[in-house]
Amino acid sequence: MINQAYAGSHISDAQVREWVAAGRIMSFVDIYAINKSRLDGRLLDLEVELEDGEIVYEIEVLRDDGEVREFHIDATTGAVLKEERDD
């Protein structure tokens, strides 16, 4: 069970490290490896948040063409939940 204190908020780096070490969520390295072609570019921002009861990596990438894309990726499966152009 996820501690509801994290609901709707940024999860601390220490908590993320604990969950990765426990095998509860995937590391960013693993998330990147699964989604390398979609995440190609310069990493601008990386956060881990709780959304609708799911732990999600929120990743913002600047592509070579100058477009900024934001991804929401399930931290347990590595599946892309949402991808959008960020203005």
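**View 1. R69 and E83 meet through their side chains in a salt bridge, at 3.1 Å from N to O.** R69 sits in strand β3 and E83 in strand β4, so this pair ties together parts of the chain that are 14 residues apart in sequence. Keep in mind while you look that this is a predicted model. Is R69 buried or exposed? With a relative accessible area of 15%, R69 is buried, because anything under 20% falls in that class. E83, on the other hand, is partly exposed, at 26% relative accessibility.

**View 2. E83 also forms a salt bridge with R63.** Here the closest N and O atoms are 3.3 Å apart. E83 belongs to strand β4, while R63 is in the loop between β2 (54-62) and β3, so the pair ties together parts that lie 20 residues apart in sequence. R63 has a relative accessible area of 24%, so it counts as partly exposed, since that class lies between 20% and 50%.

**View 3. R38 is another salt-bridge partner of E83.** In this pair, the closest N and O atoms are 2.6 Å apart. Which parts of the chain does the pair link? R38 comes from the loop between α2 (28-34) and β1, and E83 from strand β4; these are distant parts of the chain, 45 residues apart. R38 is partly exposed, with 34% relative accessibility.

View 4. How many salt bridges does the structure hold? The count is five.

**View 5. Four strands line up as an open sheet.** Their order is β1-β2-β3-β4, and the pairing is antiparallel. Which strands stand at the edges? They are β1 (42-51) and β4 (80-85); each has a single partner strand, so one side of each is left without a neighbour in the sheet. Ignoring direction, neighbouring strands of this sheet are turned by 15 degrees against each other on average. As a bit of background, strands of a sheet pair through backbone hydrogen bonds, and they can do that either parallel or antiparallel.

**View 6. Here's the pairing between strands β3 and β4.** β3 covers residues 68-74, and its antiparallel pairing with β4 runs over five bridges.

**View 7. The largest nonpolar core has 16 residues.** I11, I25, I55, Y57, I59 and I73 have the most contacts inside this core. At least two core residues come from each of α1 (13-21), β1, β2 and β3. Which element gives the most? That's β2, with four residues. For the chain in general, buried residues make up 36% of the 87 residues.

**View 8. Zoom in on I59 and its contacts.** Leaving out residues up to four places away in sequence, I59 touches F28, I31, L39, L43, D45, L46, R69, E70, F71 and I73.

**View 9. D52 has a positive phi, near 50 degrees, and it isn't a glycine.** Why point that out? Because most residues other than glycine have a negative phi. Look for D52 in the loop between β1 and β2. Is D52 buried or exposed? D52 has a relative accessible area of 81%, so it is exposed, given that the class starts over 50%.

**View 10. Finally, here's the chain from end to end, with two helices and four strands.** Following the sequence, you'll read the pattern α-α-β-β-β-β. Among contacts between residues at least 6 apart in sequence, 35% join residues at least 24 apart. The pLDDT averages 90 over the chain, and 90% of the residues score at least 70. Residues 1-7 have a pLDDT below 50, and this stretch has eleven contacts in the model beyond near neighbours in sequence.

Technical notes:
Residues numbered from 1 in each chain as written. Predicted model: local features only at pLDDT ≥ 70, side-chain atom pairs only at ≥ 80, totals over all residues. Heavy atoms only, no water. Pairing = 2+ DSSP bridges. Axes fitted to C-alpha atoms, helices over the stretch in contact; angles between N-to-C directions. pLDDT = per-residue confidence, 0-100. Contact = heavy atoms within 4.5 Å. Salt bridge = Lys/Arg side-chain N within 4 Å of Asp/Glu carboxyl O. Buried < 20%, exposed > 50% of the residue type's maximum accessible area, 1.4 Å probe, protein only. Core = buried A, V, L, I, M, F, W, Y, C linked by side-chain atoms within 4.5 Å.
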